[in-house]
Structures are given as C-alpha cells and as structure tokens.
Number of protein chains: 2
Amino acid sequence: MSDLQALNAIRIVLINTSHPGNIGAAARAMKNMGLSKLYLVQPKHYPADDAVFRAASALDVLDTAVVCDSLDEALAGVDLIVGTSARSRRIPWPLQPPRDFAESLPGFAAQGRGREVAILFGREDRGLTNDELQRCSAHIHIPSNKEYSSLNIAMAVQLICYELRVAHLAPAELSAEPTDGWDSPWATDEDKQRFYVHLEQTLVELDFLDPAAPRQLMTRLRRLFGRVDLDQMEVNILRGILTAAQSKSRAAPHKPDTKQ
Amino acid sequence: MSDLQALNAIRIVLINTSHPGNIGAAARAMKNMGLSKLYLVQPKHYPADDAVFRAASALDVLDTAVVCDSLDEALAGVDLIVGTSARSRRIPWPLQPPRDFAESLPGFAAQGRGREVAILFGREDRGLTNDELQRCSAHIHIPSNKEYSSLNIAMAVQLICYELRVAHLAPAELSAEPTDGWDSPWATDEDKQRFYVHLEQTLVELDFLDPAAPRQLMTRLRRLFGRVDLDQMEVNILRGILTAAQSKSRAAPHKPDTKQ
C-alpha cells in the first residue's frame, strides 16, 4: 500500500540560501514529488521575484513556507533530523545514499518513532556547518562525479524528494503507472494463437510459405510478435491486413505450380 | 564491477529549449553525474550568458555541446532512442519508470545491441511532439504528483542522469562510498569485549553496579553500544574515561559497605 500522505510530514529546510531562484526551484521540485512543507532559515534575499518565477505552479508551497530566524525554530516538533552533505569532514560522519535513507523512512514511522522528519540543505557555497551536521542523526550523500560533485541545491532537493516519493509508492503503483490508461484491452493468448493460425494460412495462400518445406519462418514470426505485448486492437488490425491479402490472393489468377 | 565509462555513450538531447538557463543547469546536472555528451536541437536562445551562469563548473560540457539543425543530426550513430514524457497521449505509449530504464541499459550493451543511447527532452511548454515520440522505442515517465506533474526540464535531466549513475555503479561502490575515508579503523569484536569487561569492572568500583544484584544494567549498556559501530579510537576514548574514573574512585576514601 502506498503511503504518499507521509510525505506531508517531511520538512525541507533550506539554510541561509543565497539565490532566491533556488528557493523557488526547490518549491517546484517538492510539489512535483508531493511534498509541501518548506522551511527557510535566514534566507539571504527573500521574498524575491526570482523565487516566484522559478516556483512556476508551486506558489502554494512558497506561500506556506515558514521563514525562521534560527534552525531550532525550524526543527520544533521534529523526530528525526538528517543533513545533506557533499564534503567529507575532518571528522567523517557515516554517509547514507538517498535511496537507503528514503527506504528507511516508512519503517521508522512504523516503529512508532515519530513521523516528523526534517532534511537540512546548506548554503550554496559552504553546505552545512559542523554544528548543523552534528544536529543530524544521519547524513545523506548523493553519489556524484568526483571531478565535480557539488550539485545545485534545488537539484539536490529534487533528487531526494524523488527518492522519497518512489520509496512511499507501493511497488504495484510504480509499475502499474506506465500502463494505466492503455486504450485497448490486452490480447489474450487465444487471440494471439488465432492470429498465428491466420497468419500461417495467409502466407501459404500467398505462396510465401511452402507447407512441405516451412523451415523456420513461423518460428521467427512468432518470436517477433511474441516480443510485443499485443493489444486486442492491434491483433484485429493485423488480422484485417491478412484478410485483405487473402481476398486479393483468392481473386488473382492461380499461379501455376512450378513443381508439376 | 561498475561501468561508469558507459555513461560517456549516452547523449542528452534537448529539443527547442526556450530558456538558456535550463541548458546550463542541464549541463551541470550531467557533469555532476558523470555524463558529458549534450546535443541541442534548435535551441531558442543560445549561446547565452544565462546558460554559462547556471552551468557553473560544467563549462566543458557546454563547450563541447553539439548544436544541431535537426533531430536526425543529433541521432546519427545512435542505437537506442528513448523519450521523456509527462503527458499521456491520444494513443498511449508504454511508459517506463526511470529506474527500470536505467537498470536495463547495462544489459542492452552486454547483449551487443550497441551502446550509443540518446535520451530526448522536449520543450518546456509542450514536451516532445508525437513525431518525436514515435522515433523512440521507449518513453520514460518520472513518477510525479498528479496535481502538478510537470518537472522543470533540467530537473528531469538531473533525475534521469542520477538513475543512470546509480545503475552503473557497482552495488559495492554505492554502499562502500559512505564509509570511504573513515578516519579510524573499526573496532574488532575483541576490542569491544575488552571494553565491556572494563566498563563492568569500573561500574562495580564506582558502586554503581552491585555484582550480587546486577539486574539488566550490562545488558542495556551492551544494547546501547551495540547499536553503534564503534571505531578503535572511540573505544580508546571510552576506556580512557573508564580508567580516569577508576583512578578517582581508587583515590577516594573507601565508602563503608552499608550491608555490614
């Protein structure tokens, strides 16, 4: 069962953000993934037009964002605090990939250890301070290219919110989503077998397939169509083509059998 | 074994991009994840300062980007073409989650079906045209909030490049990364057991633990420290504290045994 409601208990906390565009982009990234609680600790320039522009249709997330004077204010009532960290520190901290973190959250809630979670994102140039990192029980590290590992902060928000959404979707929903709303029912095996019989019969009538020496032709055609998950409309279209070919073939003068 | 080299054979193709800032942000997202081949099909405004600004330290990706007059030009030599699609179409196409797609790529290359891959990203406002989508053998769909499903295009590039990186990392690397560079060797079990003996002995000397009625004290302390993966330096620090406590305790006047 999916638990997308749990995403409402996750706070995205941006600390001392310099560029308001990043705040807007983070708001949009959150809403795209179904998160809504944005906390801004001492943003450098806010409110700002650039934040509004980059938020696009996520103005509601900006409008309800909580601007705080201190990190403590943003963390009131929170049960679990995690930080995002690109740099390694003088005293290294255990780093967790975003996927592991996201997948651990539903279990954390299920254990009755509280649900309110805060994820801290630091300054564009310097990330989180050591004091801020030490408030966190885990540090999330996004796997990245060692030659250029510093992601834009809104991008980091997007990636982590995406992992949170995927982790809170039921596996069935994730794989069901792609075929939702397919416009024709899938062909049954019986439909497909009737198609193959029709196909073979037509190929014989077209003198393309010699029943006395069929070789691998039908096998290859079965392998070809077998790789496509045909729907009923497609089977009907293909059989319509076969019927049309049969009709022309039957109307045509009989080709003399060269073996006679 | 990881195969991050394979990321160099993946082209990110941006079609008719309106905002040059998005091109720069996409270049940065690519480099952060280890991709390098950017193709721009008829960008609206390019080159542009905004692209340079948002690319930050990924100017090399911008400098080597191939600007094309047509999609065909961008697809020359490509073995597999996939599109990114947010909208459902009148004729629905099978949609694949980014993770499934990313995880299928190493297998695709291993089957000798070619390695050059192109991933198409459409216009900010209208995505890919039906003609463009029909050039693709698969459509990637990023799971998103039905109330606001349209991601910024550079964000979509970031998410897909991230999934590609994670899929091409060896599982060991992904989980090994976090503890890379820990600054002290991990404590052995022998170290930990000596610590528990020392702890128990100290608690007795401190008259905190009564060997005749130990209750669950040591069990609880073992459970506490067992949840932390202690390193050798931490064990040394803890034992140093115990030794200091013992030394004070031994120097202190003997506490009369109240049971006498």
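In this predicted model, L203(B) is in contact with F208(B) and L209(B), leaving aside its neighbours within four places in sequence. L203(B) belongs to helix α9 of chain B, which covers residues 189–205. The residue is partly exposed, because 19 other C-beta atoms lie within 10 Å, and a buried residue needs 20 or more. S150(B) lies 53 residues from L203(B) along the chain. The C-alpha atoms of this pair are separated by 61 Å.

Chain B also contains an open sheet of seven strands. The strand order is β3-β2-β1-β6-β4-β7-β5, and the pairing is parallel. The edges are held by β3 (66–68) and β5 (95–96) of chain B. Each has a single partner strand, so one side of each is left without a neighbour in the sheet.

Within the sheet, strand β1 of chain B spans residues 10–15, and strand β2 of chain B spans residues 37–41. The two pair in the parallel sense over five bridges. In this pairing, L14(B) stands opposite L40(B) in β2(B).

Strand β4(B) pairs with β6(B) and with β7(B). Four bridges join β4(B) to β6(B), and the two strands run parallel. Here the bridge partner of L80(B) is V117(B), in β6(B). The pairing of β4(B) with β7(B) is parallel too and has three bridges. On that side, T84(B) stands opposite I140(B) in β7(B). Strand β4(B) is mostly covered, with four of its five residues buried.

Helices lie across these strands. Helix α1 of chain B, residues 20–32, lies across β1 and β2 of chain B. This helix runs at about 165° to β1(B). Helix α7 of chain B, residues 153–168, lies across β1, β4 (80–84), β6 (117–121) and β7 (138–140) of chain B. The angle of α7 to β6(B) is about 155°.

In chain A, helix α1 comprises 14 residues, 20–33. At 1.5 Å a residue, this helix should span 20 Å. After α1(A) comes G34(A), whose phi is positive, near 90°.

Definitions and conventions: Residues numbered from 1 in each chain as written. Chains lettered and ligands numbered in written order. Predicted model: local features only at pLDDT ≥ 70, side-chain atom pairs only at ≥ 80, totals over all residues. Pairing = 2+ DSSP bridges. Contact = placed C-beta atoms within 7 Å. Axes fitted to C-alpha atoms, helices over the stretch in contact; angles between N-to-C directions. Buried ≥ 20, exposed ≤ 12 C-beta atoms within 10 Å, placed from the backbone. Expected span 1.5 Å × (residues − 1).
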